[in-house]
Amino acid sequence: MKRMTQALMAASFLIGLPAVAQSTAPEIAFTSTDILKVPRDELLGEVAGVATNSKGDIFVFTRTGDPSVSLGGSRTFQRGGTKLYEFDAGGKYVGEIGKGVYGFLVAQ
């Protein structure tokens with residue numbers, strides 16, 4: 001009987017442990033800013049990569065563009081909608097680089 005009581009106490013401790021562990025996680029403070037001014041008809045969606053150059057220009061690579069399919073010879077080629085946006089150092093939209101370029105398929 002003593003072993004059963006000890007086993008029940010250990011089981012209740014182990015069951016309650018994840019709830020205690022989850023409630024003790026610290027909150028991470030952050031500040032959100034909308035530095036990038038995206039054109040009205042564009043949505044960045046989930047971003048796969050961000051980079052800057054020596055002038056401070058910002059480049060954003062995203063996979064949320066329009067997918068397309070084309071036929072070639074005996075097989076179908078599917079291209080995901082990858083896009084590379086360019087913004088100046090202040091976040092103003094400059095343009096899209098390589099729209100519909102085959103080479104972006106490698107980055108997917």
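Glu42 and Lys83 are both buried, where buried means under 20% relative accessible area, exposed over 50% and partly exposed in between, with a 1.4 Å probe and protein chains only. The two residues form a salt bridge, with 3.1 Å between the closest N and O atoms. This is a predicted model, in which local features need pLDDT of at least 70 and side-chain atom pairs count only at pLDDT 80 or more, while totals for chains, interfaces and linings use all residues. Residues are numbered from 1 along each chain as its sequence is written, and side-chain values use heavy atoms, leaving out hydrogens and water.

**Charged residues**

- A search of the whole structure finds one salt bridge, defined as a side-chain nitrogen of Lys or Arg within 4 Å of a carboxyl oxygen of Asp or Glu.
- Glu42 sits in the loop between helix H1 (2-23) and strand S1 (47-52) and Lys83 in strand S5 (residues 83-87), so the pair ties together parts that are 41 residues apart in sequence. Helices (H or I, at least four residues) and strands (E, at least two) are DSSP runs, numbered from the N terminus.
- Now for Asp57, which is found in the loop between S1 and S2.
- Asp57 is buried but has no salt bridge; Lys55, the nearest side chain of opposite charge, is 4.1 Å away. Here Lys and Arg count as positive and Asp and Glu as negative, with His and the chain ends not counted.
- Beyond its neighbours within four places in sequence, Asp57 is in contact (heavy atoms within 4.5 Å) with Ala51, Thr52, Glu86, Phe87, Asp88 and Ala89.

**Core and rings**

- Leu44, Ile58, Val60, Tyr85 and Phe87 make up the largest nonpolar core, a set of buried Ala, Val, Leu, Ile, Met, Phe, Trp, Tyr and Cys residues joined through side-chain atoms within 4.5 Å.
- S2 and S5 each supply at least two residues of this core.
- Leu44 touches Val60 and Tyr85, among others, not counting residues up to four places away in sequence.
- There are three aromatic pairs: rings of Phe, Tyr and Trp (its six-membered ring) pair if their centres lie within 6.5 Å, and planes under 30 degrees apart count as stacked, over 60 as edge-to-face and the rest as tilted.
- One of these pairs, Tyr85 and Phe87, is tilted, at 6.4 Å centre to centre with 40° between the planes.
- Ring pairs link Tyr85, Phe87 and Tyr93 into a cluster.

**Confidence**

- Mean pLDDT (the predictor's confidence in each residue, from 0 to 100) is 76 for the protein, and 65% of its residues reach 70 or more.
- Among the elements, strand S2 (residues 58-62) has the highest mean pLDDT (91) and strand S4 (residues 75-79) the lowest (65).
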